[in-house]
Amino acid sequence: MTQHPRISKAVIPAAGLGTRFLPATKATPKEMLPVVDKPAIQYVVEEAVAAGLDDVLMVTGRNKRPLEDHFDRNYELESALQKKGDAGRLAKVQESSDLATMHYVRQGDPKGLGHAVLCAAPHVGEEPFAVLLGDDLIDPRDPLLQRMVEVREQRGGSVIALMEVAPEQIHLYGCAAVETTEDSDVVQVSGLVEKPDPADAPSNYAIIGRYVLDPHIFDILRRTEPGRGGEIQLTDALQQLAEDEKIGGPVHGVVFKGRRYDTGDRGDYLRAIVRLACEREDLGPDFRTWLRSYVAEEM
């Protein structure tokens, strides 16, 4: 089997307004909302780095400067912690600035996910790259992105992350028509549709926020007309790749059955905090005891 080029670059679209979390996101980017004691966006960058992608481009917008500040050095705070002898907190502060080589570009006009990905073209060039959506947190014990990179290196083309959802929920996602392969967790994608009516959905395989893309996607996005919601949809561009392998290789999907947290949804955001706090060695024992007592007494 042909070995395809190694991937080193990750793109994280982070230009959204976060309207579902107003008023908290009036002055604070939604990506900076804490999940226990780390902002959601740091989990995403850590996932990219764990998969070997240490060159990270963040596509931002207005009022997103705190994202850049978080992944930069804070010499005043570091100096204060050093003087106090607080090595533990100092290490946590420095961790985010040492994670990866960070780059930033602004999406001046929010025209959809496809447009946000297209903003990365000058940085990515002719290399394959990964896209990680900041609202999707993947548990580090379930290395989805690593598996997707592996499939791309083995099979070429593009790879998307898929998860089976209840048929009545498929209208909330992009949906894939698929064919099986010799690998139980890998399917070949023959078609894609953005947020279909359940009666018209080709399957219950939903696209979740991880992509490994062939650079030919940029040429397609430049020609892609606005679709659903008046936005340039990445799903529409991927549909063209799936229809014609000669453009940029096939499109495969990795079927994910692990732990995923949708921090773009208020309810799932709260569930993510509870689940991750329960599993922390430093917080879990006391928090689980309190939670059991609360459920028994109040619920």
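Mentor: A cavity here is a set of points on a 1 Å grid over the protein atoms alone where a 1.4 Å probe fits but cannot get out, and lining residues have an atom within 4 Å of a point. Keep in mind that this is a predicted model, where local features need pLDDT of at least 70, side-chain atom pairs count only at pLDDT 80 or more, and totals for chains, interfaces and linings use all residues. Residues are numbered from 1 along each chain as its sequence is written, and side-chain values use heavy atoms, leaving out hydrogens and water.

Trainee: How much space lies in the largest cavity?

Mentor: The structure holds one cavity of 30 Å³ or more. A volume is the space filled by probe spheres set on the grid points, which are joined across faces, edges and corners. For the largest cavity, that comes to about 70 Å³.

Trainee: Is E78 buried or exposed?

Mentor: E78 sits in helix α3 (residues 75-84); helices are DSSP runs of H or I, at least four residues, numbered from the N terminus. Buried means under 20% relative accessible area, exposed over 50%, partly exposed in between (1.4 Å probe, protein chains only). E78 has a relative accessible area of 3%, so it is buried.

Trainee: Which residues is E78 in contact with, leaving aside its neighbours within four places in sequence?

Mentor: Contact means heavy atoms within 4.5 Å. With those sequence neighbours left aside, the partners of E78 are R73, L90, V93 and Q94.

Definitions and conventions. On a 1 Å grid over the protein atoms alone, a cavity is a set of points where a 1.4 Å probe fits but cannot get out, and a pocket is an open set with protein on both sides within 12 Å along at least five of seven lines; lining residues have an atom within 4 Å of a point. Helices (H or I, at least four residues) and strands (E, at least two) are DSSP runs, numbered from the N terminus.
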